[in-house]
Amino acid sequence: MEILTDTHEHRALFYNSDEWRELRERVLERDHYECVMCKAEGRVTDEADSVLEVDHINELEYYPEQALDIDNLRTLCKDCHNKRHHRFQYANASKPKVESKWSKDERWD
């Protein structure tokens, strides 16, 4: 099945399809309803803590052929999903950047 994602309308049709909704639920179950990025950092973020979203690892816009590949999907909390897509509403965006004591040292690349 060819999946069109080139317009907002096509993406809306995809994300509202029964096929996507069923696969999304399978991914959430597989990942135990926990954010996999938080888990990798030693934190547990589940649906009681945040809205959970299913993320395409290889972005849908560039890899529409992987849209329904369960191995290309993972559960992320809203903050991690925003961070992953460089959206500035994520929780850590307001924290000032701490400068490292080595940040002004000469770099040898």
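The largest nonpolar core of this predicted model has 16 residues. Those with the most contacts inside this core are Phe14, Cys35, Val54, Leu73, Cys77 and Cys80. The elements H2, S1 and S2 each give two or more residues to the core, and its largest share, 4 residues, comes from H2.

**Helix H2**

Helix H2 covers residues 18-30 and has 13 residues. From its first C-alpha to its last, the helix reaches 18 Å, close to the 18 Å expected at 1.5 Å a residue. Within H2, the residues Trp20, Leu23, Val27 and Leu28 are buried. These residues lie on the same side of H2, because they cover an arc of only 145 degrees around the axis. Asp18 and Glu22, on the other side of H2, are exposed.

**Strands S1 and S2**

The strands S1 and S2 run antiparallel and are joined by 5 bridges. Of the 5 residues in S2, 5 are buried. Both faces of S2 are covered, with Leu73, Thr75 and Cys77 on one side, and Arg74 and Leu76 on the other. In a regular strand the side chains alternate between the two faces of the sheet.

Val54, one of the core residues with the most contacts, touches several residues beyond its neighbours up to four places away in sequence. Among them are Trp20, Val27 and Leu28, which are buried residues of H2.

**Glu53**

Is Glu53, a residue of strand S1, buried or exposed? Glu53 counts as buried because its relative accessible area is 14%, under the 20% cut-off. In S2, its bridge partner is Leu76. The side chains of Glu53 and His81 are joined by a polar contact of 2.4 Å. When neighbours within four places in sequence are left aside, Glu53 is in contact with Arg24, Arg74, Thr75, Leu76, Lys78 and His81.

Most residues other than glycine have a negative phi. Another residue other than glycine with a positive phi, near 60 degrees, is His86. The place of His86 is in the segment after helix H4 (78-84).

| Residue | Relative accessible area | Class |
|---|---|---|
| His32 | 56% | exposed |
| His86 | 63% | exposed |
| Glu53 | 14% | buried |

Both histidines count as exposed because their values, 56% for His32 and 63% for His86, are over the 50% cut-off. Glu53, by contrast, is buried in strand S1.

Conventions:
Residues are numbered from 1 along each chain as its sequence is written. This is a predicted model: local features need pLDDT of at least 70, side-chain atom pairs count only at pLDDT 80 or more; totals for chains, interfaces and linings use all residues. Side-chain values use heavy atoms; hydrogens and water are left out. The expected span of a helix is 1.5 Å times one less than its number of residues. Buried means under 20% relative accessible area, exposed over 50%, partly exposed in between (1.4 Å probe, protein chains only). The arc is that of the directions from the helix axis to the C-beta atoms. Two strands pair if DSSP finds at least two bridges between them. A polar contact is a pair of N or O atoms within 3.5 Å; within protein, one must be able to donate a hydrogen and the other to accept it, and residues adjacent in sequence count only if both atoms are side-chain atoms. Contact means heavy atoms within 4.5 Å. A nonpolar core is a set of buried Ala, Val, Leu, Ile, Met, Phe, Trp, Tyr and Cys residues joined through side-chain atoms within 4.5 Å.
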